[in-house]
Amino acid sequence: MPQQQSDASSTRRLARRLPLVGAAAAGSVLLLAGPAAAHVSVQPSGPAAKGGYATVNFKVPNEKDDASTVKLEVTLPTDHPLASVMPQPVPGWKISVTKAKLPKPIEMEGEKITEAPSKITWTADGKGVEPGQFQQFPLSVGQLPKDTDQVVFKALQTYDNKEVVRWIEPTKEGAPEPENPAPVLQLGAPEEDGHGAAGASDKSGATTGMKATAATSDTSGSDTTARVLGAVGIVVGVIGVGFGVFAGRRRSA
């Protein structure tokens with residue numbers, strides 16, 4: 001009997017400890033996964049079609065606990081130059097665009113382009129990206145190349161303690177992700193109108209708008225019919241009640 005009580009007591013102690021062990025293990029996983037995910041990346045705000053234009057966002061998380069990000073430098077590709085690059089103003093940051101002469105001129109909408117933006121630099125004029133925060137830096141870019149599935153950028157992230165993290169390592173298919181991968185923009189199939197996502201969005205918006213208008217008209221017509229039928233029913237009901245009362249009075253007389 002004492003042995004059974006001892007076993008039961010040990011089981012209860014183990015049951016109480018398991019949640020604590022599980023929580024500690026989960027915390028360790030989060031701590032290990034955190035730094036690996038905190039790299040500079042680029043994502044389009046909509047479809048990024050080959051040969052078209054797109055707005056992309058460079059997402060910059062702060063991976064330090066004791067320093068703030070105060071500068072981001074993004075080097076634009078030279079093998080697939082982007083002739084049109086327009087940064088969106090970001091509150092608290094100064095923007096500068098560096099251009100370079102192209103080794104080989106390119107044609108864009110019937111014009112010969114001999115130079116193109118080569119680097120965009122954002123410099124904080126305030127606190128920058130503080131620990132535990134991230135910042136997005138939008139760019140309008142085009143025309144995107146037609147002969148590749150992706151555009152690779154290189155980025156330098158500078159902290160206020162003068163440390164620089166170089167996000168420039170290429171990611172190779174089938175290989176583990178490098179420690180400091182370069183931001184990669186994946187490209188989709190070219191649009192039929194040749195203007196990238198903008199044309200598709202306009203067409204989709206117009207079609208959706210017409211469908212919505214038709215649906216609204218149908219709903220409005222149904223509501224009107226229902227109201228008319230309801231009113232007729234009420235009138236018929238009132239007439240029926242009045243007729244019943246009148247017939248009752250005649251029988252009583």
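Reader: What volume does the second largest pocket have?

Author: Happy to start there, and please keep in mind that this is a predicted model. The second largest pocket has a volume of about 150 Å³.

Reader: Which strand gives the most to the lining of the second largest pocket?

Author: Two strands, E1 (41-44) and E11 (184-186), each supply at least two residues of this lining. The residues that line the pocket include Ser41, Val42 and Gln43. With three residues, the top contributor is E1.

Reader: And how many residues in the lining of the largest pocket are charged?

Author: The largest pocket has a volume of about 210 Å³. Among the residues that line it are Glu107, Lys146 and Asp147. The lining divides into six nonpolar residues and three polar ones, and the number of charged residues is three.

Reader: Is Glu107 buried or exposed?

Author: Glu107 belongs to strand E5 (residues 93-108) and is one of the residues lining the largest pocket. Exposed means over 50% relative accessible area. The value for Glu107 is 65%, so this residue is exposed.

Reader: Now to the rings: what kind of pair do Phe58 and Phe153 make?

Author: Theirs is one of four aromatic pairs in the structure. The ring centres lie 5.2 Å apart and the planes meet at 85 degrees; planes over 60 degrees apart count as edge-to-face. Phe58 sits in strand E2 (residues 54-61) and Phe153 in the loop between strand E8 (150-152) and strand E9 (154-159), so the pair joins parts of the chain 95 residues apart. The pair is therefore edge-to-face.

Reader: Which residues form the aromatic cluster?

Author: Several members have come up already: Phe58 and Phe153 are both buried. Trp122 is buried as well, with a relative accessible area of 0%, and Phe137 is buried at 1%. The one aromatic cluster is formed by Phe58, Trp93, Trp122, Phe137 and Phe153.

Reader: Which residue forms a salt bridge with Asp149?

Author: Asp149 lies in the loop between E7 and E8, and its partner lies in the loop between E1 and E2, 99 residues apart. The closest N and O atoms are 2.6 Å apart, and the partner is Lys50.

Reader: Is Lys50 buried or exposed?

Author: Under 20% relative accessible area counts as buried. Lys50 has 18%, so Lys50 is buried.

Reader: Over the face of which ring does Lys64 lie?

Author: Lys64 also forms a salt bridge with Glu163, with the closest N and O atoms 2.9 Å apart. Its distance from the ring centre is 5.7 Å, and the ring belongs to Tyr159.

Reader: Finally, which residue meets Lys119 in a salt bridge?

Author: Three salt bridges are counted in total. Lys119, in strand E6, pairs with a residue of strand E3 that is 46 residues away. The N to O distance is 3.5 Å, and the partner is Glu73.

Notes:
Residues numbered from 1 in each chain as written. Predicted model: local features only at pLDDT ≥ 70, side-chain atom pairs only at ≥ 80, totals over all residues. Heavy atoms only, no water. 1 Å grid on protein atoms, 1.4 Å probe; cavity = no way out; pocket = protein on both sides within 12 Å on 5 of 7 lines; lining within 4 Å. Points joined across faces, edges and corners; volume = space filled by probe spheres on them. Nonpolar A, V, L, I, M, F, W, Y, C, P; charged D, E, K, R; others polar. Helix = DSSP H or I, 4+ residues; strand = E, 2+ residues; numbered from the N terminus. Phe/Tyr/Trp six-rings, centres within 6.5 Å; stacked < 30°, edge-to-face > 60°. Buried < 20%, exposed > 50% of the residue type's maximum accessible area, 1.4 Å probe, protein only. Lys NZ or Arg CZ within 6 Å of the ring centre and 35° of its normal. Salt bridge = Lys/Arg side-chain N within 4 Å of Asp/Glu carboxyl O.
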